[in-house]
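Trainee: Please take me through a close look at one part of this model, the helix packing. I would like it as one connected account.

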Amino acid sequence: MIGKTLLLGLLHRGGCVNDAIVASNLRKRFISYERIGFIRRRKIIVEALRGGVSFRVRWGGEVYGLLGPNGAGKTTTVKILATLLIPDDGYALIDGHDVVKEANVVRGIIGLVLYPDKGFYSRLSGYENLVYFGRLYGLSKSMAEARARELMNLVGLENAMNRPYEEYSLGMRARLAIARALIHDPPVLFLDEPTIGLDPISAREVRELVRRLRKEGKAILFTSHNLWEVEEVCDRVGIINNGKMIIEGPPRDIKDMLGLKYVIEVEVQLNGRVETIREETVNPAETLRRVISDAEARGLRISRIRINEPSLEEAFVRVIGDEGKQVR
Ligand SMILES: Nc1ncnc2c1ncn2[C@@H]1O[C@H](COP(=O)(O)OP(=O)(O)O)[C@@H](O)[C@H]1O
Ligand SMILES: [Mg+2]
């Protein structure tokens, strides 16, 4: 009894009775038209989400990565969670609030980056754009200005405060879009492919920003088709394909579940000749020990050892590959 009370007390104190995000068996169909012949069109039903999309994101700075190829259903999922689309079936809650029935409450809790480049005024500076959006959110002039300054700092654009938006690079625009999504300081943030089209350095800056926001305690849903990127910033990952969630867990567990192999490369030298021994293994420590003792037994000198961790990319190809076979 005491245990239960204590537990509830702790939950309340942390404000985390509910999960930040809950998606349950989401299903969404689109009606579309396909051209057949010169004039005729045929109605087709696109099953964007097939009912199996369920996941949770907890409070306390969790980044959840929704990973999948083009057309998998990532954006559709984000749009449902962000109240922009109504699911045909299933439900979604943000901090316990239903995204359909309590859409207005939900909108106050979330920040959304869907199309990073949309809606900014090109002649205004980044700072002025943020002040404008702050005013739209009902902040007073001085509050909007203070918030805009704070956010420009947060996203690392303090040196570009007064430059017109049209002069911003893609990377700067991506960070400004995240700043805009944070105007009302929402505890939940949706980032739909925030690094798409960015050069590697800008993409890294965006990922660093995501990590910073996570430290601040924001619950973040991050979508991507870039596997190592998700592995780098996300605590948990869901792989989605063809409108279905295929596998879910921490990146490391996903790799383990799939029995992905480490690659061990041991470079050896014999009579001035260099040779590389390469082995794939699920148990790198044991394999490495064996390779080393074999090499020593043969009188080889070891000049270099490399252990390559299995990448999520491999998991992805494997899972999607299997799934693809089932569907087709
Ligand atoms: N408004 C729409 N009308 C018709 N089909 C759509 C619409 N939006 C998305 N789709 C289809 O739904 C599927 C999932 O799309 P989406 O959620 O955008 O995938 P992702 O973001 O993972 O690339 C795709 O087949 C896409 O073509
Ligand atoms: Mg998308």
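Mentor: Happy to! Let's begin where G171, A174, R175 and I178 of α6 meet S202, E205, V206, L209 and L213 of α7, with contact meaning heavy atoms within 4.5 Å. By class, this contact of α6 with α7 has five nonpolar, two polar and two charged residues; here Ala, Val, Leu, Ile, Met, Phe, Trp, Tyr, Cys and Pro count as nonpolar, Asp, Glu, Lys and Arg as charged, and the others, Gly among them, as polar.

Please keep in mind that this is a predicted model, in which local features need pLDDT of at least 70 and side-chain atom pairs count only at pLDDT 80 or more, while totals for chains, interfaces and linings use all residues. Residues are numbered from 1 along each chain as its sequence is written, chains are lettered from A and ligands numbered from 1 in the order in which they are written, and side-chain values use heavy atoms, leaving out hydrogens and water.

Helix α6 covers residues 170–181 and helix α7 residues 200–215; helices are DSSP runs (H or I, at least four residues) numbered from the N terminus. Their axes come within 9 Å and cross at roughly 20°. Axes are lines fitted to C-alpha atoms over the stretch in contact, and angles run from 0 to 180 degrees between N-to-C directions. α6 and α7 are therefore roughly parallel to each other, the term for angles under 35 degrees. α6 passes α7 in a right-handed crossing, that is, with the near helix turned clockwise from the far one by less than a right angle.

α6 also packs with α4: the axes of α4 and α6 come within 10 Å and cross at roughly 25°, so this pair is likewise roughly parallel. The contact joins G126, L130 and F133 of α4 to L176, A179 and R180 of α6. Those residues divide into four nonpolar, one polar and one charged. The crossing of α4 past α6 is right-handed.

Turning to the other partner of α4, helix α4 (residues 126–136) packs with helix α5 (residues 141–154) at an angle of about 130°, with the axes 8 Å apart. From α4 the contact takes G126, Y127, L130, V131, G134 and R135, and from α5 it takes K141, A144, E145, A148, R149, L151 and M152. Seven of the residues are nonpolar, two polar and four charged. α4 passes α5 in a right-handed crossing.

Methods: Helix = DSSP H or I, 4+ residues; strand = E, 2+ residues; numbered from the N terminus. Parallel < 35°, antiparallel > 145°, perpendicular 65-115°, else oblique.
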